Every structure is written in structure tokens, then in C-alpha cells.
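We'll go from the chain as a whole down to one helix pair, and then to the ligand.

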Amino acid sequence: MRYRKYRLRLLWGKLRRQFLIIFRPRYVGAMRLRRIGACRNCGICCQLGWGCWFHRGLEMETEGGCSRYEMRPSTCRLFPIDQRDLRDRNLLLPHTPCGYSFVTVEEVEEILMGPAPALAVESAHGLSAGHCRAATRKQD
Ligand code: SF4
């Protein structure tokens with residue numbers, strides 16, 4: 001069975017995530033900035049290493065089948081911390097990807113250097129920075 005074959009690797013991943021959360025919070029925070037997407041509630045990350053006692057699988061259709069979803073620990077809340085977690089997760093469910101993925105540092109910079117949201121709203125209404133300046137001068 002696939003699960004048994006990878007058990008040691010998956011358990012190691014669980015320990016690694018716990019270590020990162022406790023001793024490398026800045027790394028975890030930095031990786032969160034690079035994480036995009038949303039959880040699809042497939043519940044596979046609840047099965048890494050061992051099957052979680054609170055995971056109810058198909059009995060619950062929402063919240064990934066977790067009966068303690070609101071009280072889940074940070075190792076569950078922060079999954080996946082990085083690309084290695086996604087690789088571990090994909091050992092169990094390779095054909096249905098996790099809802100999360102990671103962008104590169106360059107892509108983050110591109111997003112940060114892009115147009116400010118306020119300017120995007122202005123241009124959506126047909127206003128440019130020039131229009132705003134002209135309106136201000138009229139009031140003077
Ligand atoms: S593996 Fe990804 S999509 Fe599936 S429950 Fe975990 S975080 Fe959500």
C-alpha cells in the first residue's frame with residue numbers, strides 16, 4: 001500500500017514541520033508570503049505519517065473531514081509550509097493537487113512592484129492621476 005511505503009518519510013515531514021514552526025518561525029512566515037491558493041479540503045494532509053484521529057473522511061463533506069477544525073493545531077493550520085510538504089503530500093494523492101502552491105521570490109517582487117490597488121480602482125472608473133490633480137486644483 002502506498003501509505004505504508006512512505007510512512008517513514010511522511011513521519012519525518014511531520015517532525016520537520018513541527019521543528020520549523022517552533023524554531024524557524026521567520027522561515028515559516030516568509031514562506032506564507034510565497035504561498036498562494038486555497039485549501040480544497042481534500043483531507044490528505046491529515047493522513048501524512050498516520051491517520052489523524054479527528055479526521056472523519058467522507059463522513060464530513062466540509063472542512064476536510066476534520067471534527068476539530070476550529071481547534072486544529074498550527075501544524076495543520078500552516079500546511080503546506082513549503083514545497084517539500086507538497087512533495088510529501090503528492091506521494092499519497094499525486095493526481096489531485098493541493099489547492100496551495102508557492103511562487104518564487106521574483107514573482108513576489110513582481111506582485112509587490114505592480115500597480116497599487118487604489119490606482120487600479122481609479123483606472124477602472126476612467127480616472128487617471130492627472131484627473132485627480134485637476135479636480136484638486138479646481139477646488140483651490
Ligand atoms: S492537502 Fe492541501 S488542499 Fe488538501 S486539505 Fe491539505 S491543505 Fe487542503
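Start with the contacts: among those in the chain with a separation of 6 or more, 58% are between residues 24 or more positions apart. Keep in mind that this is a predicted model. As for burial, 9% of the chain's 140 residues count as buried.

Now for the secondary structure.

Helix α2 covers residues 7-23 and helix α5 covers residues 83-92; their axes sit 10 Å apart, and the two pack at an angle of about 150 degrees. Angles over 145 degrees count as roughly antiparallel, so α2 is roughly antiparallel to α5. The handedness of the α2 and α5 crossing is left-handed.

Which residues bring α2 and α5 together? On the α2 side you'll find Arg9, Leu10, Gly13 and Arg17, and they meet Arg84, Asp85 and Asp88 in α5. Sorted by class, the contact of α2 with α5 comes out as 5 charged residues, 1 polar and 1 nonpolar.

Finally, have a look at the ligand. There are 13 residues around it, and those that come nearest are Cys39, Arg40, Cys42, Cys45 and Cys98.

How values were computed:
Residues are numbered from 1 along each chain as its sequence is written. This is a predicted model: local features need pLDDT of at least 70, side-chain atom pairs count only at pLDDT 80 or more; totals for chains, interfaces and linings use all residues. A residue is near a molecule or strand if its C-beta atom, placed from the backbone, lies within 6 Å of it. Axes are lines fitted to C-alpha atoms, for helices over the stretch in contact, and angles run from 0 to 180 degrees between N-to-C directions. Helices (H or I, at least four residues) and strands (E, at least two) are DSSP runs, numbered from the N terminus. Angles under 35 degrees count as roughly parallel, over 145 as roughly antiparallel, 65 to 115 as roughly perpendicular and the rest as oblique. A crossing is left-handed if the near helix is turned anticlockwise from the far one by less than a right angle, and right-handed if clockwise. Two residues are in contact if their C-beta atoms, placed from the backbone, lie within 7 Å. Ala, Val, Leu, Ile, Met, Phe, Trp, Tyr, Cys and Pro count as nonpolar, Asp, Glu, Lys and Arg as charged, and the others, Gly among them, as polar. A residue is buried if 20 or more other C-beta atoms lie within 10 Å of its own, exposed if 12 or fewer, and partly exposed in between; C-beta atoms are placed from the backbone.
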